[in-house]
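Hi,

Here is the structure I said I would pass on.

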Amino acid sequence: MIHYKDEAILKGILAGDKNILKYVYEWYFKTIRSLILRNSGNEQDAEDIFQDALVIIYQRVLDNDLVLDCSFKTFLYSVCRHLWLQRLEKEKNPANIADIENHIELSDEMVFEIYDEQSEKYRLYQQHFVKLSKDCQKVLKLFYSHTTLKDIADIMGYKTEKYAKTRKYLCKENLRQRILSDPKCKKYLAQ
């Protein structure tokens, strides 16, 4: 199997490279899973924490705001560890985590980002956005960047502006339904 360097992993995450994402999952998820299971979590918790950490890392790479001063593995582990600690504290179940790997202390900015509710909502949105078809992702990106429906139709190769409007609506509705069906969304609806 190919072994990717940390820089290649970060570039791959940013590009949404399926091979890199598969590599990251295969090489690092097992460690995160062990961390969560050893500390009162379950399989679904491990998957959620792993996904949330990848979204945080993606956003930091996108913002050109991530400089690794440790290995990618240590950084990923540290972010997951922090996310899990946050979850335990919210559930009034604070715990001393039984670590299984080295970790680093994250910067205050990074900790704030992890704890920030808006960031949590954004991660939820991102998790479901990346599951849309590439076509839908592109239509919604164009729409949210204030591209007119006529220009969206031209860019996407649709015959009419009306069809672009219908596609935009269907993609938006698909995304909305995905988010609403996510159990993590319920806490925001209750507020």
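Below is what turned up, starting with the overall fold and moving on to the cysteines.

A quick word on the source: this is a predicted model, where local features need pLDDT of at least 70, side-chain atom pairs count only at pLDDT 80 or more, and totals for chains, interfaces and linings use all residues. Residues are numbered from 1 along each chain as its sequence is written, and side-chain values use heavy atoms, with hydrogens and water left out.

The protein has ten helices and zero strands (helices are DSSP runs of H or I with at least four residues, strands are E runs of at least two, numbered from the N terminus). Its C-alpha trace spans about 60 × 45 × 30 Å along the principal axes. Of the 191 residues, 42% are buried, meaning under 20% relative accessible area with a 1.4 Å probe, protein chains only.

Cys-70 is in no disulfide, and the nearest cysteine sulfur, that of Cys-80, is 13 Å away. Cys-70 is buried too, at 18% relative accessible area. Cys-80 is likewise in no disulfide, and Cys-80 counts as buried at 0% relative accessibility.

Cheers

Methods:
Buried means under 20% relative accessible area, exposed over 50%, partly exposed in between (1.4 Å probe, protein chains only). A disulfide is a pair of cysteine sulfur atoms within 2.5 Å.
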